[in-house]
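Please walk me through this protein model.

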Amino acid sequence: MPPIPGAGLAKGLAVTLRTMTKRTVTAQYPDVQPELPPRTRGVIGLFEENCTVCMLCARECPDWCIYIDSHKETVPAAAPGGRERSRNVLDRFAIDFALCMYCGICIEVCPFDALFWSPEFEYAETDIHELTHERDKLREWMWTVPEPPALDPGAEEPKEIAAARKTAEKLQAAQEAEQAAERNAEQASEGDTEQGGQA
């Protein structure tokens, strides 16, 4: 059967008419910010205090986009007669987001929870060299990291929190006992003073 002349044009016009009657779904960005899923992978935030410069993130990165510099410092002995220890001090932590493929391996392998996903995504630059962000910028993004989802109400309490709570309870009990002993000593000294005055 030979094709009907103008059938393709009619199909195209039908698609156009169907589309014209539908509501537009244009996102009015940047005037209206998009609603992102809670665990969006935007950029990587650095919690500098947790970083021990173990270099695991830089070694495991398939793109080699993490740059870390550090130096060693000697820490004096904690107790007399003890030996001095050395520790790594972070000098530079930078991520080249022009190379990063957002795989998240660096965040997964970090044993000290120093790296986190932030939902921030507005970090475009006019020069590709400016996409290498240093630790100050990574630190700023750390404050945009959302809180982790709440634990299941029936879940067992994490052992770290339980240990911290026990330590806090012991300290509080010791402080209360010390305060009670001080009160008893004060009352005893007041009683001695009163007896001495009566004599």
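The report below takes the core, then the aromatic rings, the salt bridges and some loop residues.

**Basis**

This is a predicted model: local features need pLDDT of at least 70, side-chain atom pairs count only at pLDDT 80 or more, and totals for chains, interfaces and linings use all residues. Residues are numbered from 1 along each chain as its sequence is written, and side-chain values use heavy atoms, with hydrogens and water left out. Helices (H or I, at least four residues) and strands (E, at least two) are DSSP runs, numbered from the N terminus. Buried means under 20% relative accessible area, exposed means over 50%, and partly exposed lies in between (1.4 Å probe, protein chains only).

**The nonpolar core**

In soluble globular proteins, nonpolar side chains tend to be buried together. A nonpolar core here is a set of buried Ala, Val, Leu, Ile, Met, Phe, Trp, Tyr and Cys residues joined through side-chain atoms within 4.5 Å. The largest one has 26 residues. Within this core, Ile-44, Ile-66, Ile-68, Phe-93, Ile-95, Phe-97 and Leu-115 touch the most other members. At least two core residues come from each of β1, α2, β2 (66-75), β3 (85-96), α3, β4 and α4 (135-142).

Ile-66 shows the packing in detail. Contact means heavy atoms within 4.5 Å. Neighbours within four places in sequence aside, Ile-66 is in contact with Cys-57, Ala-58, Cys-61, Phe-93, Ala-94, Ile-95 and Cys-106.

**Aromatic rings**

A pair of aromatic rings is described by the distance of the centres and the angle of the planes. Rings of Phe, Tyr and Trp (its six-membered ring) pair if their centres lie within 6.5 Å; planes under 30 degrees apart count as stacked, over 60 as edge-to-face and the rest as tilted. The whole structure holds six aromatic pairs. One of them is tilted: Tyr-29 and Phe-121 sit 5.9 Å centre to centre, with 40° between the planes. This pair links distant parts of the chain, 92 residues apart. Tyr-29 is in the loop between α1 and β1, and Phe-121 is in the loop between β4 and β5 (132-133). Tyr-29 is partly exposed at 41% relative accessibility. Phe-121 is partly exposed too, at 34%.

Phe-97 and Trp-141 form an edge-to-face pair, 5.8 Å centre to centre and 80° between the planes. Phe-97 is in the loop between β3 and α3, Trp-141 is in helix α4, and 44 residues separate them. Both Phe-97 and Trp-141 are buried. Ring pairs join Phe-97, Tyr-102, Trp-117, Tyr-123 and Trp-141 into a cluster.

**Salt bridges**

A salt bridge is a side-chain nitrogen of Lys or Arg within 4 Å of a carboxyl oxygen of Asp or Glu. The count comes to five. The table lists three of them.

| Pair | Closest N to O distance |
|---|---|
| Glu-49 and Arg-139 | 2.5 Å |
| Arg-87 and Glu-73 | 3.8 Å |

Glu-48 lies in the loop between β1 and α2, and Arg-135 in helix α4, 87 residues apart. Glu-48 is partly exposed at 25%. Glu-49 is in the loop between β1 and α2, and Arg-139 is in helix α4, 90 residues apart. Glu-49 is exposed, with a relative accessible area of 54%. Arg-87 is partly exposed at 46%, and Glu-73 is partly exposed at 34%.

Helix α4 also holds Lys-137. The C-alpha atoms of Lys-137 and Gly-45 are 8.3 Å apart, across 92 residues of chain.

**Loop residues**

Which peptide bond is cis? The one from Tyr-29 to Pro-30, with omega near 10°. Pro-30 lies in the loop between α1 and β1.

Thr-40 is found in the loop between α1 (7-21) and β1 (43-46). Thr-40 is buried, at 18% relative accessible area. A polar atom of its side chain lies 2.6 Å from the backbone oxygen of Pro-37. Beyond its neighbours within four places in sequence, Thr-40 is in contact with Trp-117, Ser-118 and Pro-119.

Val-53 is not a glycine, yet has a positive phi of about 55°. Val-53 is in the loop between β1 and α2 (56-60) and is buried at 5%. Asp-113, also not a glycine, has a positive phi of about 50°. Asp-113 sits in the loop between α3 (105-109) and β4 (115-118) and is partly exposed at 48%.

Technical notes
Polar contact = N/O pair within 3.5 Å; in protein donor to acceptor, adjacent residues only side chain to side chain.
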